[in-house]
Amino acid sequence: MERTSAAGEGRGRIPEAAEEPVPPFEVLLRACTMSAVHLEMRDSYTPSDPWFRAWLAGDREEFERRLSRPWLGLIREVTGRGVQVRRARVISEPVTSYVRFEHATTSSNVEAGEQVGWLPRRLASGLLLPGNDFWVFDTRLVLFWFFSGDGDFAGAELSDDLALVKQCAAAFDAVWQHAIPHHDYPLQ
């Protein structure tokens with residue numbers, strides 16, 4: 001892979017990151033042949049998201065309308081080819097409104113073929129986790145997602161540094177081993 005970096009040169013740069021723009025996420029996921037794993041570690045994302053705002057306001061009609069979203073078709077397509085897609089969420093308890101919203105939307109993800117687990121942060125103390133959310137594709141690429149303190153998306157960086165990819169895959173596996181499957185996780 002050619003070196004690219006959304007973070008710039010030198011310090012703070014992910015080794016073996018590409019200098020070209022990160023390919024669209026859908027392209028990366030569709031290129032998978034075996035697995036895609038996603039580790040989420042924030043308690044809030046995109047607080048201005050209209051779907052989240054509708055859910056917060058109790059607009060059940062808008063919430064239900066948005067449950068049928070392009071993401072589900074993409075997951076069905078990829079898992080239909082035999083690719084395993086797993087997501088693990090490390091969360092604080094009591095959970096935030098955003099985590100409640102995520103929990104309310106997750107059954108549709110699971111029905112589409114994505115496996116989702118929840119790990120309360122208090123059970124993650126012995127795990128070594130990276131500082132950013134990420135996706136690992138086929139244990140050959142890692143895509144880091146960066147967020148502002150308020151939870152707004154702030155950028156992405158892709159790396160094919162095998163040591164970094166393996167480190168992230170191991171972190172995901174450690175979380176996954178302790179995670180509670182979606183249908184067994186009661187919100188607190």
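# Close-up views of a predicted model

Of the 188 residues of the chain, 46% count as buried, where buried means under 20% relative accessible area, exposed over 50% and partly exposed in between, with a 1.4 Å probe and protein chains only. This is a predicted model, in which local features need pLDDT of at least 70, side-chain atom pairs count only at pLDDT 80 or more, and totals for chains, interfaces and linings use all residues. Residues are numbered from 1 along each chain as its sequence is written, and side-chain values use heavy atoms, with hydrogens and water left out.

Figure 1. The chain has six helices and seven strands. Helices (H or I, at least four residues) and strands (E, at least two) are DSSP runs, numbered from the N terminus. Their pattern along the sequence is α-β-α-α-α-β-α-β-β-β-β-α-β. Among contacts with a separation of 6 or more, 73% join residues 24 or more positions apart; contact means heavy atoms within 4.5 Å.

**Figure 2. The open sheet.** Seven strands make up an open sheet with mixed pairing, in the order β6-β5-β4-β1-β2-β3-β7. The edge strands, β6 and β7 (180-181), each pair on one side only. Two strands pair if DSSP finds at least two bridges between them. Strands β2 and β3 (residues 115-120) run parallel and are joined by six bridges. Arg86 has Gln115 in β3 as its bridge partner.

**Figure 3. Strand β5 and its two partners.** Five of the seven residues of β5 are buried, so β5 is largely enclosed by the rest of the structure. Strand β4 (residues 133-137) runs antiparallel to β5, with five bridges between them, and Phe134 stands opposite Phe144 in β5. The hairpin of β4 and β5 has three residues between the strands, and Asp138 takes a positive phi near 50 degrees there. Strand β6 (residues 153-159) also pairs with β5 in the antiparallel sense, over six bridges, and Trp145 stands opposite Ala156 in β6. The hairpin of β5 and β6 has five residues between the strands, with Gly151 in the turn at a positive phi of about 100 degrees.

**Figure 4. The two sides of helix α3.** In helix α3 (residues 60-67), the buried residues are Glu62, Phe63 and Leu67. They cover an arc of only 145 degrees around the axis, which puts them on the same side of α3; the arc is that of the directions from the helix axis to the C-beta atoms. Elements that cover these buried residues include α2 (50-56), α4 and α5. Exposed residues Glu61 and Arg65 lie on the face of α3 turned away from its buried side.

**Figure 5. Surroundings of Glu102.** Glu102 lies in helix α5. Its relative accessibility is 6%, so Glu102 counts as buried. Apart from neighbours within four places in sequence, Glu102 is in contact with Glu40, Tyr45, Arg89 and Trp118.

**Figure 6. The largest pocket.** The largest pocket holds about 770 Å³ of space. On a 1 Å grid over the protein atoms alone, a pocket is an open set of points where a 1.4 Å probe fits, with protein on both sides within 12 Å along at least five of seven lines, and lining residues have an atom within 4 Å of a point. The lining has 24 residues, of which Glu40, Trp71, Arg87, Tyr98 and Trp145 lie nearest the centre of the pocket. Helix α5 gives the most to the lining, with five residues.

Key
Points joined across faces, edges and corners; volume = space filled by probe spheres on them.
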